[in-house]
Amino acid sequence: MNKKIIIVGIVILILVVLAGAATIVISQNKTEENENNALNNTNNTENNQMENQVINETEENATINVPNTSQGNIQNTNVSNSKKSLVIYYSRSGNTKQIADYIGEKTGSDVIRLETVKTYPSDYDEMLDYAQEEQRNGERPEIKNKNINTKDYDTIFLGYPIWWGDIATPVYTFLDEYNLSGKKIAPFVTSGSSGLSGTPSDIKREEPNAEILDAMSITSSTLNNYKSLTDNWLSKLGF
Ligand SMILES: Cc1cc2nc3c(=O)[nH]c(=O)nc-3n(C[C@H](O)[C@H](O)[C@H](O)COP(=O)(O)O)c2cc1C
């Protein structure tokens, strides 16, 4: 009987010891878990802080990038400073004018129409006689355009009608009054049927230090096609 009591007592003691050990292990695990949680929280906080920093740096870079964007403006400034082309023409009855305006539109050039101080006869036959007389006398009719700025342009599209196989006299006045040395001159010419009539050589004689580019001739039979002819000519010239 006593032995039984002792055995039961020992078993109870062992159970109590095991229960105590189990409690200690559980509480240790909980402490580790808490520590891990605390560690995770700390990491999360650090991560969040780092993320915020990255965002801030990105924003900062965006701010730094702003001056880079402004380099586009600098390039634009360069573009606006580059040399441009100019269309100068004389037209009595409008044929040369429509081509001049089209060239201006296609190339983005400034366009200047030469105008004489005196008014030419409106009657065609009278005009033919008048112009023939003017040519024979070597006259240079005064033009209204006084201070044309050719300085800012490197290419001049020069347009004129053929009068009696030659450049219309108001354009000779322009060539006399302006020095186009160093410029490129691209002649475009209208006529009934004569074509260029050798006039690019006349321009070279008047402006020996200019480069005369390939000329375009439009006659009364090709006038309807002036747009496609002008497009081809411009693209050959590199415009
Ligand atoms: C005074 C005068 C002389 C002309 N001489 C010629 C000529 O020699 N050969 C020719 O083919 N056309 C001649 N023409 C026709 C013009 O060159 C042609 O109609 C030209 O396209 C007119 O251009 P505009 O309308 O711009 O003034 C002459 C026209 C005029 C008014």
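Q: Which residue follows α2, and is its phi positive or negative?
A: Gly 108 follows α2, and its phi is positive, near 70°. Helices (H or I, at least four residues) and strands (E, at least two) are DSSP runs, numbered from the N terminus.

Q: What kind of model is this, and what cut-offs apply?
A: It is a predicted model: local features need pLDDT of at least 70, side-chain atom pairs count only at pLDDT 80 or more, and totals for chains, interfaces and linings use all residues. Residues are numbered from 1 along each chain as its sequence is written.

Q: Back to α2. How far does it reach?
A: α2 has 13 residues and reaches 19 Å from its first C-alpha to its last. That is close to the 18 Å expected at 1.5 Å a residue. The expected span is 1.5 Å times one less than the number of residues.

Q: Which residues of α2 are buried?
A: Thr 96, Ile 99, Ala 100, Ile 103 and Thr 107. They sit on the same side of α2, because they cover an arc of only 105° around the axis. The arc is that of the directions from the helix axis to the C-beta atoms. Buried means 20 or more other C-beta atoms within 10 Å of the residue's own; exposed means 12 or fewer, and partly exposed is in between, with C-beta atoms placed from the backbone.

Q: What covers those buried residues?
A: The cover includes β1, β2 (110-113), β3, β5, β7 (216-219) and α6 (226-236). Contact here means C-beta atoms, placed from the backbone, within 7 Å.

Q: Which strands does β3 pair with, and in which sense?
A: β1 (residues 84-89) pairs with β3 in the parallel sense over six bridges. β5 (residues 184-191) also runs parallel to β3, joined by seven bridges. β4 (residues 166-167) is antiparallel to β3, with two bridges. Two strands pair if DSSP finds at least two bridges between them.

Q: What stands opposite what?
A: Lys 84 faces Tyr 153 in β3. Tyr 160 stands opposite Val 189 in β5. Trp 163 has Asp 166 in β4 as its bridge partner.

Q: Where is Trp 164, and is it buried, exposed or partly exposed?
A: Trp 164 is in the loop between β3 and β4. That hairpin has two residues between the strands. Phi of Trp 164 is near 50°, a positive value in a residue other than glycine. Trp 164 counts as partly exposed because 14 other C-beta atoms lie within 10 Å.

Q: What about Ser 197?
A: Ser 197 is not a glycine, yet its phi is positive, about 55°. It lies in the loop between β5 and α5 (199-206). Ser 197 is partly exposed, with 17 other C-beta atoms within 10 Å.

Q: Now the ligand. Which residues come nearest?
A: Of the 20 residues around the ligand, Ser 91, Asn 95, Thr 96, Pro 161 and Gly 192 come nearest. The elements that give two or more residues to that shell are α2 (95-107), α3 (124-136), β3 and β5. A residue is near a molecule or strand if its C-beta atom, placed from the backbone, lies within 6 Å of it.

Q: How does the shell split by class?
A: Seven nonpolar, 11 polar and two charged residues. Ala, Val, Leu, Ile, Met, Phe, Trp, Tyr, Cys and Pro count as nonpolar, Asp, Glu, Lys and Arg as charged, and the others, Gly among them, as polar.

How values were computed:
Contact = placed C-beta atoms within 7 Å.
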